[in-house]
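Okay, thanks for coming, everyone. Let me put the model up on the screen and then talk you through it.

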Amino acid sequence: MNIFQFGGLVFSATMIVLCLITMKRRQLKRSIGSLWILFWAASASAMLQPDITRIIARALGIGRGADLVMYCGILGTAIGFFLFYLRFRQLEGNLTKLVRHIAVQEAKGAEKTPGVEKQQKSFPDELKDNQ
């Protein structure tokens, strides 16, 4: 075992422990945490036995194990960016709804009592589940 393999195994083990801690604290859903644990275990396995990636790559019709790892990395990155984009768009939509609601409430308050600003602490129905 060389120093890279040792460092990679320590890192993977640390990430598995962190996933377990965040799952226990309910900061990470079990399904997502399980996927992360599977990912870190697979990366640790690939570091311990590099021939595994070559065998899987050949079974999939890819020449080298390193190419398989690179393709998986590219696909994982693309999926991550896509999910991040979807979440960003959802947050942007929620922010737009919230700003519109506040503007309407302020306009209604200004009509009822001119010169006195009234603050409402209600949220639109679409955003109540995100509080």
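I'll start with the ground rules, then go through the fold, the pocket and a few residues.

This is a predicted model, so local features need pLDDT of at least 70, side-chain atom pairs count only at pLDDT 80 or more, and totals for chains, interfaces and linings use all residues. Residues are numbered from 1 along each chain as its sequence is written, and side-chain values use heavy atoms, with hydrogens and water left out.

Helices here are DSSP runs of H or I with at least four residues, strands are E runs of at least two, and both are numbered from the N terminus. Of the 131 residues, 18% count as buried; buried is under 20% relative accessible area, exposed is over 50%, and partly exposed is in between, with a 1.4 Å probe and protein chains only. The chain exposes about 10,800 Å², and carbon and sulfur atoms supply 65% of that. Those areas come from the Shrake-Rupley method with a 1.4 Å probe, and for residues, only the protein chains shown count as cover.

What about contacts, meaning heavy atoms within 4.5 Å? Taking those with a separation of 6 or more, 44% are between residues 24 or more positions apart.

Of its 24 lining residues, Leu35, Trp36, Leu38, Phe39 and Cys72 are the closest to the centre. Helices H1 (3-24), H2 (30-48), H3 (51-59) and H4 (65-112) each give two or more residues to the lining, with the largest share, 10 residues, coming from H2. By type, the lining splits into 17 nonpolar, 6 polar and 1 charged. Nonpolar is Ala, Val, Leu, Ile, Met, Phe, Trp, Tyr, Cys and Pro; charged is Asp, Glu, Lys and Arg; the others, Gly among them, are polar.

For the record, a pocket is an open set of points on a 1 Å grid over the protein atoms alone, where a 1.4 Å probe fits, with protein on both sides within 12 Å along at least five of seven lines, and lining residues have an atom within 4 Å of a point.

Cysteines next. Cys72 is partly exposed, at 47% relative accessibility, whereas Cys19 is buried at 7%. How many disulfides does a search of the whole structure find? It's 0, with a disulfide being a pair of cysteine sulfur atoms within 2.5 Å.

On to Thr53, in helix H3. Thr53 counts as buried because its relative accessibility is 16%. Leaving out residues up to four places away in sequence, Thr53 touches Ala46, Gly65, Leu68 and Val69. Val69 itself lies in helix H4 and is partly exposed at 48%.

Arg54 and Gly65 are 11 residues apart along the chain, and their C-alpha atoms are separated by 3.9 Å.

Last one: Arg26, in the loop between H1 and H2. Arg26 is exposed at 76%, and has a positive phi of about 60 degrees although it is not a glycine. Most residues other than glycine have a negative phi.

Okay, over to you.

Definitions and conventions
Contact = heavy atoms within 4.5 Å.
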